[in-house]
Amino acid sequence: MNKVIQERDKCIGCGACASMCPKFWEMGEDGKANLKGATNADNEKYELELENVECNNEAADACPVQCIAVSQE
Ligand code: SF4
């Protein structure tokens, strides 16, 4: 299983992830990005397990503060 991890406290709200990968990312009312369906693993760390990470690699590459990580196993 693959995992997408967001360190949400580092998000600066640039919108790149939601633009590159709207299936999984949307901007929240507080101006930061939400990883759709993710669970809050630890403080501001959100995780989502996926069979196929699809466009999340592009979202991770586009994030200017590198707060999105994709682990592929
Ligand atoms: S690309 Fe990164 S900094 Fe920009 S909104 Fe998404 S998570 Fe936040």
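Predicted model: local features only at pLDDT ≥ 70, side-chain atom pairs only at ≥ 80, totals over all residues.
F24 is found in the loop that joins α1 to β2 (25-27). Leaving aside its neighbours within four places in sequence, F24 is in contact with N34, L35 and K36, with L48 and L50, and with V53, E54, C55 and N56.

What does F24 belong to? F24, W25 and I68 are the residues with the most contacts inside the largest nonpolar core, which has 17 residues. Two or more residues of this core come from each of the elements α1 (16-20), β3 (33-35), β5 (45-50) and α2 (56-62).

Once residues within four places in sequence are set aside, W25 is in contact with V4, Q6, C17, A18, A33, N34, L35, K36, N56, A59 and I68. Among these partners is I68, itself one of the residues with the most contacts inside the core.

The next residue along to be considered is E26, whose place is in strand β2. Is E26 buried, partly exposed or exposed? With 39% relative accessibility, E26 counts as partly exposed, because this value falls between the limits of 20% and 50%. Not counting residues up to four places away in sequence, E26 touches A18, K32, A33, N34 and K36. E26 and A16 lie 10 residues apart along the chain, and their C-alpha atoms are separated by 9.8 Å.

Where does the ligand sit? It sits in the largest cavity. The ligand is surrounded by 15 residues, and the closest are C11, C14, G15, C17 and C63. The shell around the ligand is made up of 12 nonpolar residues and three polar ones, with no charged residue.

I12 lies in the loop between β1 (2-7) and α1. Its relative accessibility of 58% is over 50%, so I12 counts as exposed. Leaving out residues up to four places away in sequence, I12 touches P64 and V65. The C-alpha atoms of I12 and A62 are 13 Å apart in space, while 50 residues separate the pair in sequence.

Where are they found? N43 is in the loop between β4 (39-42) and β5, whereas Q66 is in the loop between α2 and β6 (68-71). N43 counts as exposed because its relative accessibility is 66%, and Q66 counts as exposed because its value is 63%.

Note on methods: Residues numbered from 1 in each chain as written. Heavy atoms only, no water. Core = buried A, V, L, I, M, F, W, Y, C linked by side-chain atoms within 4.5 Å. Buried < 20%, exposed > 50% of the residue type's maximum accessible area, 1.4 Å probe, protein only. Helix = DSSP H or I, 4+ residues; strand = E, 2+ residues; numbered from the N terminus. Contact = heavy atoms within 4.5 Å. Near = heavy atom within 4 Å. 1 Å grid on protein atoms, 1.4 Å probe; cavity = no way out; pocket = protein on both sides within 12 Å on 5 of 7 lines; lining within 4 Å. Sits in = over half its atoms within 2 Å of the grid points. Nonpolar A, V, L, I, M, F, W, Y, C, P; charged D, E, K, R; others polar.
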